[in-house]
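Hi,

Here is the model I said I would pass on.

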Amino acid sequence: MILVTGGAGFIGSNLVAGLEAAGANNLVICDILGTDDKWRNIAKRDLADLIKPDEILSYVDSNASQIEAIFHLGAISATTETDADLIIDNNFRLSRDLWTHCAKYRIPLIYASSAATYGDGAAGFVDDATREHLSRLRPLNAYGWSKHLFDRWVARILETGSADQSPPQWAGLKFFNVYGPNEYHKEGQVSVALKNYKEISAGGPAVLFRSHNPNYSDGGQSRDFVWVGDCVDVMLWLKENSSVTGLFNLGTGKARSFADLATAIFNAAGISPEIQFIDTPLAIRDKYQYFTEAKMNQLRDAGYAAPFTSLEDGVSQYVRNFLATEDPYI
């Protein structure tokens, strides 16, 4: 049995599809489906069970001997969420309790951290898991802080605790800007790739935020955009390499501009590029990451050798194999 929290979400549902394709049986999803079309993300999967987040700890207690691994991807991931108490309950305390259960029952745990932990990047984008290094990072929003808080909690357990206080294998993944199928339920938090595709497929221009930083031109703001299929490949590799443990960046290692992304979408759709710029909302202007670029040495040094998909190839796959089809779900 493999348990995936957030398994009906964007990255989680892609992982469940990847696990199924790799031959995994008895897949269990922990998530809240709600009243929209989020269920469509997992409508093609053969599932053993689907449980709610408030049931997960008791479920692990009852089924520990059968659980081969837990992928903990569930979280409140909206960078615009302002209820910090709610974020901490979901993103920190539940993660901490799940870690403790995995340590108790000797279950491998692979969990989602985030590039949002790096804040404005002043301290760099190096996935150093030491307490001393992590103390330098300054996330810009409550979501990033909650992920960072758990990374720091893990670092403290590793430094001060005994071996039996940690899962037999653990890996934290600092996801950068992931894009790909099954993100359609995320509304205002969809990737810029999907947002721009919706704009241009409706006959309009791609709409990007103006830069309010003199170091970046309008559209020159840059992020490390990573294809969700590459993220799945890394997680499957970690599952098959139980000796690999640590905190790892998950990006491509190459920042690309928002203008590059918009142009790639126009090209994939066969439309001449047209970009319109609007002001970045004041509410997020001082919490905006103008540049992110994953340092990928740790993952490479751990033995992961597969190449990462280029922005142009990833966007082409997204548009032609999903967005431009009658069934955009993986």
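Which residue just after H8 takes a positive phi? That is Gly270, with a phi of about 70 degrees.

Before the rest, the ground rules. This is a predicted model, so to speak: local features need pLDDT of at least 70, side-chain atom pairs count only at pLDDT 80 or more, and totals for chains, interfaces and linings use all residues. Residues are numbered from 1 along each chain as its sequence is written, and side-chain values use heavy atoms, with hydrogens and water left out. Helices (H or I, at least four residues) and strands (E, at least two) are DSSP runs, numbered from the N terminus.

**Helix H8**

H8 covers residues 258-269, and at 1.5 Å a residue its 12 residues should span 16 Å (the expected span is 1.5 Å times one less than the number of residues). The end C-alpha atoms are 17 Å apart, which agrees. Phe258, Leu261, Ala262, Ala264, Ile265, Phe266 and Ala268 are buried in this helix (buried is under 20% relative accessible area, exposed over 50%, partly exposed in between, with a 1.4 Å probe and protein chains only).

**The cores**

A nonpolar core here is a set of buried Ala, Val, Leu, Ile, Met, Phe, Trp, Tyr and Cys residues joined through side-chain atoms within 4.5 Å. The largest has 70 residues, and Leu15, Leu19, Ile70, Trp99, Leu173, Phe175 and Leu238 touch the most other members. Helix H7 (residues 228-240) gives the largest share of this core, 8 residues. Apart from it lies another core of 27 residues, among them Tyr179, Ile200, Tyr290 and Val315.

Ser114 sits in strand S5 (residues 109-114) and counts as buried at 6% relative accessibility. Its side chain reaches the backbone nitrogen of Ala116 at 2.9 Å. Contact means heavy atoms within 4.5 Å; leaving aside neighbours within four places in sequence, Ser114 is in contact with Tyr143, Lys147, Leu173, Lys174 and Phe175.

**Rings**

Rings of Phe, Tyr and Trp (its six-membered ring) pair if their centres lie within 6.5 Å; planes under 30 degrees apart count as stacked, over 60 as edge-to-face and the rest as tilted. The count comes to 19 aromatic pairs. Tyr111 and Phe150 are edge-to-face, 4.9 Å centre to centre with 80 degrees between the planes. Tyr111 lies in S5 and Phe150 in helix H5 (residues 142-160), so the pair ties together parts 39 residues apart in sequence. Both are buried. Trp237 and Tyr304 are also edge-to-face, at 5.4 Å and 75 degrees. Ring pairs link Trp99, Tyr111, Phe150, Trp153 and Trp170 into a cluster.

A charge sits over a ring if NZ of Lys or CZ of Arg is within 6 Å of the ring centre and within 35 degrees of the ring normal. The charged end of Lys174 does this over Tyr118, 4.2 Å from the ring centre, and Arg223 lies over the face of Tyr288 at 5.1 Å.

Asn26 has a phi near 55 degrees and is found in the loop between helix H1 (10-21) and strand S2 (27-30). Arg106 has a phi near 60 degrees and is partly exposed, with a relative accessible area of 41%.

Cheers

Terms used:
A polar contact is a pair of N or O atoms within 3.5 Å; within protein, one must be able to donate a hydrogen and the other to accept it, and residues adjacent in sequence count only if both atoms are side-chain atoms.
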